[in-house]
Structure formats: structure tokens, C-alpha cells
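Subject: Structure for you to look at

Hello,

Here is the structure I promised to pass on. Please open it and keep it beside you while you read.

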Amino acid sequence: MANLANLVFALLAYLIGSISFAVVVSKTMGLPDPHSYGSGNPGATNVLRTGNKKAALLTLLGDGLKGWLAVWLAQRFGPDYGVDQTGIALVAVAVFLGHLFPVFHRFAGGKGVATAAGILFAIHPWLGLGTLATWLIIAFFFRYSSLAALVSAIFAPFFYVLMFGIDVMAAAIVAISALLILRHRQNIAKLLSGQESRIGEKKKPQQ
């Protein structure tokens, strides 16, 4: 029964993750589909390119909240149905996969930074705060949002292991970090070529 409960909660988490707040907020506020402009990425950074800061903030909060909610639901109610620590780790990965490959939006999802942050905060507030602090420090000194996300993704598993040791959740965080880095492969290429836009800059033209 535990294995079945783990799978049911993981499926629910995937469906929660599949709700693209970039798309939902844009439709609600009369903005164009985020897949149709800028980077084509349905995330807060791309929504901000419309000039609507409120829409970008709502997207950021929504994408973060869904990651937090899925893990919190598994932590709070899962044990009553036999969900174990492996199940909670599966939920963390599943909600992230939902954001990357949303079934409601033809599997065209975002890069997962906000959703990953929500997951980390749900696992433990200090883990979330430590990773967020890493993002802020890198973003402040280097002014690259993508670089801050990449460095944070690398450090998040180390923070977890330092706090809780090596377990199945550590493996889940490694998987999430690896997926996040993979989704940023174009940004990595732009960083190496000097074509990545800094925070506050307009998107650089392709060469």
C-alpha cells in the first residue's frame, strides 16, 4: 500500500506542477502567451519582458507556491496513507517534472527556478533560505540571473547533506538540480560566449 500511496501522491504532485502560472497569469491579465515572445520560456523572467511587474511577481509566487504545496501536502497528509520518505522525495521530483513538462500545456514548461525554491523551502525553511541567499549573493555581484540559478542548484544538495546527511531526499535534490542545470544549457552557452543578458538589461540580440 505504501508504494501505491507514494505513486498517487507523486501523480498529484505532477499535476500540481503542470499548472503554468506564467500562462494562467498572462491569460488572466490579458497578456500574450509567454511561449510566443522573448525566450519562449513560461517563467517570471520572460513574463517580466512584457513590462508588467505585477504579472511577473504573481508568476514567481505561483510557481514557487506550487512546489512548496505539493511537498507540504505529502509531508502533512501522506503519512496517514502510508507515504514514506521515499514517497516525499518522489513528490519533490514529480512536481518539478510537472513544471518542466506540464501535461496541461503540451509539455512546454519553464526552467524551474521558482518551483525548485518552493520545494526546498518545504523540505526545510533553512535549506530554502540558504539556497535563496546563494542566489541573491551571486545575482548581486555578477548580475546574471541564470548564473545565480546555476550556482544555487550546485550548492543546494551540499546544503542538504550538511544539514541532514545523505538519504533519499538528498538524491531527489541532486536530480532536481541536475534537471535545472540541463534546462539552463542555452544560458550556459550564452554565459560562456558573453551573450547572456545581465539583470536589468534588455535581452541581447542573437549573433
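Below is what was found in it, part by part.

This is a predicted model, in which local features need pLDDT of at least 70, side-chain atom pairs count only at pLDDT 80 or more, and totals for chains, interfaces and linings use all residues. Residues are numbered from 1 along each chain as its sequence is written, and side-chain values use heavy atoms, with hydrogens and water left out.

The core

Start with the largest nonpolar core, which has 35 residues. A nonpolar core is a set of buried Ala, Val, Leu, Ile, Met, Phe, Trp, Tyr and Cys residues joined through side-chain atoms within 4.5 Å. Buried means under 20% relative accessible area, exposed means over 50%, and partly exposed is in between (1.4 Å probe, protein chains only). Val71, Ile119, Ile123, Met169 and Ile173 have the most contacts inside this core.

Six helices each supply at least two of its residues: α1 (2-17), α4 (53-77), α5 (85-100), α6 (113-123), α8 (145-164) and α9. Helices are DSSP runs (H or I, at least four residues), numbered from the N terminus. The largest share comes from α5, with nine residues.

Now look at Ile119. Leave aside its neighbours within four places in sequence, and Ile119 is in contact with Gly67, Trp68, Val71, Ala92, Val95, Phe96 and Ile176. Contact means heavy atoms within 4.5 Å. There is also a second, separate core of seven residues, including Val25, Tyr37, Ala55 and Ala56.

Helix α5

α5 has 16 residues and is mostly covered. Twelve of the 16 are buried, among them Gly87, Ile88, Phe96 and His99. From first C-alpha to last, α5 reaches 23 Å, close to the 22 Å expected at 1.5 Å a residue. The expected span is 1.5 Å times one less than the number of residues.

Val8 is partly exposed, at 47% relative accessibility.

Beyond its neighbours within four places in sequence, Gly112 is in contact with Phe96, His99, Leu100 and Leu180.

Most residues other than glycine have a negative phi. Arg106, in the loop between α5 and α6, has a positive phi near 55 degrees. Arg106 is exposed, at 76% relative accessible area. Phe107 is found in the loop between α5 and α6 too, and its phi is positive, at about 65 degrees. Phe107 is partly exposed, at 49%.

Helices α9 and α10

How do α9 (168-183) and α10 (185-193) cross? Their axes come within 4 Å and cross at roughly 60 degrees. Axes are lines fitted to C-alpha atoms over the stretch in contact, and angles run from 0 to 180 degrees between N-to-C directions. That makes α9 oblique to α10. Angles under 35 degrees count as roughly parallel, over 145 as roughly antiparallel, 65 to 115 as roughly perpendicular and the rest as oblique.

Ile181, Leu182 and Arg183 of α9 meet Arg185, Asn187 and Ile188 of α10 in this contact.

Best wishes
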